[in-house]
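Colleague: I am new to this structure and would like a guided look at it. May I put some questions to you?

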Amino acid sequence: MIKFLLNDNEIAVEEINPNISLLEYLREEVYLTGTKEGCASGDCGACTVVTSKLDVDNASLQYESINACIVPLGSLHGRQIITVEHLQHHEALHNCQRAMASNHGSQCGFCTPGFVMSLFSYLKNNENPAREKILEALSGNLCRCTGYKSIIAAAFSMYEDYIGDQFDASKGTTIKKLAQIKAECSSAFLSLHNQQYLIPRDIQELCKLLRKYPEARLVAGGTDLSLEITQGLKKIETLIDILNVPQMNSIYENNGHIVIGAAVSYSAAKATLVNLQPHLTELIERFGSMQIRNRGTLGGNIANASPVADMPPVLIALNANITLMKMDSERTIPLEDFYTGYKKTQLMPQEFIKDIQIPLNTKHLSLRAYKVSKRIDDDISSLCLAISIVREEGLIKEARIAYGGMAEVPKRAKICEKSMLGKAWSESTIEDAMTRISQDFSPISDFRASAGYRLSVARNLLKRYFLEENGLDNEKFRVTHYAS
């Protein structure tokens, strides 16, 4: 069985559809219908709820907003679930609810519970309001009638006279309950009608389960896999959840590398990645929404093998390796060699990505990353570029240029790179390299962008990199358009 807290009540579940989402459970099993279903794909935020989990020392709680529509119920084992129904305390509305009402932040009301929960999560994680951070927290919530001005105003006003809430008062009890669940449950699972959701405790148990169930699908954040269930209507027979595998949920330094476990979420990895390369801040903050980043993992983004995935080009530009594991054997390969074709990788049966290794000596690189998409927030890339160049005495010594969305896999522009080596760091060198992009790539046209657009933008982003590295601001950009 799995155990979790629904507000402050301990719930144990065993015989239930292992493919069930948290949203389905809330609405259809326990009749908490304040959480709405809009898109069933993690885009609209109407289903937003908040979870809390123990920190690594079991001493405090970490609050996260998530999309209930794409979160498997099984992955909530050992966590607390808070829905909009739980915010009111006795007869009093919570500060974030009262702020929404007093600032007229709701009209039709369908999206309102999701906004309220995103505001609640922001309140629990930030001592003071800041506009840019509020916008980031709300980027995964869509409103079609109220407009965002009043909702943003509510985010500021919910701090007025806020001195804590019932969750602060019961924090100690919640920590004890979650710690007890963690200590008592030696094995956790869901099963029904020959379907099962398995939760290994460590990497050895994970290897054994994969040997026993070689066709099983691994679940970490579930932000992509869940779409096969909610939109593809698939019934996956065996799911193996890796969120409780310590070896895949840690970040540490080893042998001159930062090692990030494959199950580490983007939110958890952000500080480490930005400390290594400060220019990654914008790209990471544009990776999905806050709800998606709280669940989505680096390992999942790599294993998904999408040609438009945002992080693989960055990791390739940083010369990152990945560790692949199968039972008692491990192998480490460069990430750029992992992809063998569209949606194809080097993974062998029963093998999985254990971690990602980024060289620490990349701190000296002039790395920048650019994402081009139809929307600024919460959108899939039409094109992504990560570029790092090492210069010495005015000459280009090293260049690593990796694109997403330009080929069937994330790929380096090796002809373009070669044209720059040993050349002066100058506008003419960059413009010559821009003409080589069409020798490296033959992109396709699809609903996100045309082939000509992709080639033009891919070239122009090289010029943007040059201008930014030379300290020129956006108003001085002189980007040449190249015909495809």
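Predicted model: local features only at pLDDT ≥ 70, side-chain atom pairs only at ≥ 80, totals over all residues.

Colleague: Which strands are joined to β1, and how do they run?

Modeller: Strand β2 (residues 9-13) runs antiparallel to β1 and is joined to it by five bridges. Strand β5 (residues 80-82) runs parallel to β1, with two bridges. As for individual positions, L5 stands opposite E10 in β2, and L6 stands opposite I81 in β5.

Colleague: What lies between β1 and β2?

Modeller: The two strands form a hairpin with two residues between them, and N7 in the turn has a positive phi of about 60°.

Colleague: Turning to the open sheet, what is the order of its strands?

Modeller: The order is β10-β11-β16-β12-β13, and the pairing of these five strands is antiparallel. β10 (251-254) and β13 (329-334) each have a single partner strand, so one side of each is left without a neighbour in the sheet. Neighbouring strands are turned by 25° against each other on average, direction ignored.

Colleague: How many bridges join β12 to β13?

Modeller: Six bridges join β12 (residues 321-326) to β13. One of the paired positions is L324, whose bridge partner in β13 is R331.

Colleague: Which strands does helix α8 touch?

Modeller: Helix α8 (residues 203-212) packs on the sheet and touches β12 and β16 (352-359). The direction of α8 makes about 135° with that of β16.

Colleague: How many residues does the largest nonpolar core have?

Modeller: It has 87 residues, and those with the most contacts inside it include M248, F338 and I358. Beyond its neighbours within four places in sequence, I358 is in contact with residues including H257, L273 and L315. A second, separate core has 34 residues, among them I82, M117, Y159 and F167.

Colleague: Lastly, how do helices α16 and α18 pack?

Modeller: Helix α16 (residues 427-435) and helix α18 (residues 451-469) pack at an angle of about 160°, with their axes 9 Å apart. That angle makes α16 roughly antiparallel to α18. Their crossing is right-handed. Residues making the contact include I430 and M434 of α16, and L462 and F466 of α18.

Terms used: Residues numbered from 1 in each chain as written. Heavy atoms only, no water. Core = buried A, V, L, I, M, F, W, Y, C linked by side-chain atoms within 4.5 Å. Buried < 20%, exposed > 50% of the residue type's maximum accessible area, 1.4 Å probe, protein only. Contact = heavy atoms within 4.5 Å. Pairing = 2+ DSSP bridges. Helix = DSSP H or I, 4+ residues; strand = E, 2+ residues; numbered from the N terminus. Axes fitted to C-alpha atoms, helices over the stretch in contact; angles between N-to-C directions. Parallel < 35°, antiparallel > 145°, perpendicular 65-115°, else oblique. Left-handed = near helix turned anticlockwise from the far one by under 90°.
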